[in-house]
Amino acid sequence: MYAAVEHGPVLCSDSNILCLSWKGRVPKSEKEKPVCRRRYYEEGWLATGNGRGVVGVTFTSSHCRRDRSTPQRINFNLRGHNSEVVLVRWNEPYQKLATCDADGGIFVWIQYEGRWSVELVNDRGAQVSDFTWSHDGTQALISYRDGFVLVGSVSGQRHWSSEINLESQITCGIWTPDDQQVLFGTADGQVIVMDCHGRMLAHILLHESDGVLGMSWNYPIFLVEDSSESDTDSDDYAPPQDGPAAYPIPVQNIKPLLTVSFTSGDISLMNNYDDLSPTVIRSGLKEVVAQWCTQGDLLAVAGMERQAQLGELPNGPLLKSAMVKFYNVRGEHIFTLDTLVQRPIISICWGHRDSRLLMASGPALYVVRVEHRVSSLQLLCQQAIASTLREDKDVSKLTLPPRLCSYLSTAFIPTIKPPIPDPNNMRDFVSYPSAGNERLHCTMKRTEDDPEVGGPCYTLYLEYLGGLVPILKGRRISKLRPEFVIMDPRTDSKPDEIYGNSLISTVIDSCNCSDSSDIELSDDWAAKKSPKISRASKSPKLPRISIEARKSPKLPRAAQELSRSPRLPLRKPSVGSPSLTRREFPFEDITQHNYLAQVTSNIWGTKFKIVGLAAFLPTNLGAVIYKTSLLHLQPRQMTIYLPEIRKISMDYINLPVFNPNVFSEDEDDLPGDAVWTD
């Protein structure tokens, strides 16, 4: 077999990711039919729970083609928990999601018409140690740390409950493959067995000195009826990558094995809970997390290496890194994946019919591509070349046949949709449209007003993996008009530290709106932006540049020609209409703070203009016109004019035609198609 971490930027959230769960996506038209795992498990949804109490539901895909359509919304941030989310569990047969927080609150979410809502709530006030759905999805097993256990139906009805008197805490609970018994592991190395009606069956001590961390079976989590459709019917069928031979042994022919992981890092493979001679795996790792793949023939064990003396490098001691080891059903070690992750791996889960392994370490999420067969020479060459290239666009620079270039490009296709924006290239992400038709959902936050700084600061965040990624910042610059300057949140991350802790800490720190990227604007500075106040101001006149003409002698000639949009002829502004030259900034402020755009408005706040300030953006970025009728007898209308922005080259500039007349405040009826009413 072979496993490698997916190429691309590190996927980060704004807080630690504590739990993971994945399920396949079944099209609505096929929900009443048997599921073909090979065809429909190429797409799915990843649920994450983080330390801020937010549950993220993100679309994932293992397609090898970029032109495949995606859902209209590919990320959801579900809010409702009051503490950190410690458990997320999908119910695939019923398409529900169960989440548990640190205070004992349990939510069951359901999606209806594209929106997620809470269907059931259970709050006992005690910490939940584990939550497990039965294999048919009809029952839920809830175990608490204080010894209370509960079994209920998927609709919320309680079947039975019991309180187990123990000197230690319950750490995990699972169903047997036939859903007739439940097993509980304790912190002192015991296993408690009860039947499906709550009667005690057995009480066994597995380890005297080590506690039980987790238990699982090498058996499918859910028994979903599989159709007789051939694997080759898939549109993306590729025998060298993920053919039927990847699973030579059907899971029905494998005898279920009970897997028990202990705090020492050892893992026992048992035929049943009373097996007297289990197979013991000495992983040599600490803080282990183990999970079987869906087919039940491969066990992934993740943890931190235990070596005490790791040697030293010229720049300092060598830090410990996380490792992932793979074992077969006989407990034999098959493959070891060395990662550069220097934090413990909190949670892992399999996805996309065992072709992906998802790992959470701190606020970062890593995707591992797994090949179950003996890796081919073509695959090894693909991974070796992809590791030396920085981006997908570098593939075209290689002298390779088109077919091999296409095969090499598949190594850069991300599994998590959408990919996180590169912190080193944030301006391109916010300035130019993406290649796909995804709809990105964002959240805007306002910080506290600071009289020393000036107007309030607003930060626009992209919802991603249950967290928020800052992409734009804005500050109000006028006290009389709703006018703003827009900038990008600056980070100090280094490109060569993409897998280090500096990038992760930078992403987290940049979410604070009061950081160093805020613009230091005083009341005097803001007053100079208003034409009426600036005439009365007696402060010395600062050197200014015109936003429309951009003919400052401090700018080079090439930059002047590039910054001025060629599709806008120079014309005199109409009388009574605020022209683009009315809003002028000190040249030092533009170069110091790297403004992207400015939003100007009329005194009534009904017409807005978006003016580009950066050299790579056109002058006119759009306009917004808001209309209301007298006494609100007619519905309100909002007309938005947005030109399509493309990247500009010095040799050839290809920009769409944009009519500058939409900026005139004297015109009441402006042509346009984008009219919103409410």
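Strands are DSSP runs of E with at least two residues, numbered from the N terminus, and two strands pair if DSSP finds at least two bridges between them. The structure is a predicted model, in which local features need pLDDT of at least 70, side-chain atom pairs count only at pLDDT 80 or more, and totals for chains, interfaces and linings use all residues. Residues are numbered from 1 along each chain as its sequence is written, and side-chain values use heavy atoms, without hydrogens and water.

**Sheet S15 to S18**
- Four strands form an open sheet in the order S15-S16-S17-S18, with antiparallel pairing.
- S15 (170–175) and S18 (200–205) are the edge strands; each has a single partner strand, so one side of each lacks a neighbour in the sheet.
- S15 and S16 (residues 181–186) run antiparallel and are joined by five bridges.
- Trp175 stands opposite Val182 in S16.

**Thr99**
- Thr99 lies in strand S8 (residues 96–101).

**Largest nonpolar core**
- This core (buried Ala, Val, Leu, Ile, Met, Phe, Trp, Tyr and Cys joined through side-chain atoms within 4.5 Å) has 47 residues, of which Val324, Phe326, Leu357 and Ile416 touch the most other members.
- Strand S31 (residues 364–371) gives the largest share, six residues.

Technical notes:
Buried means under 20% relative accessible area, exposed over 50%, partly exposed in between (1.4 Å probe, protein chains only).
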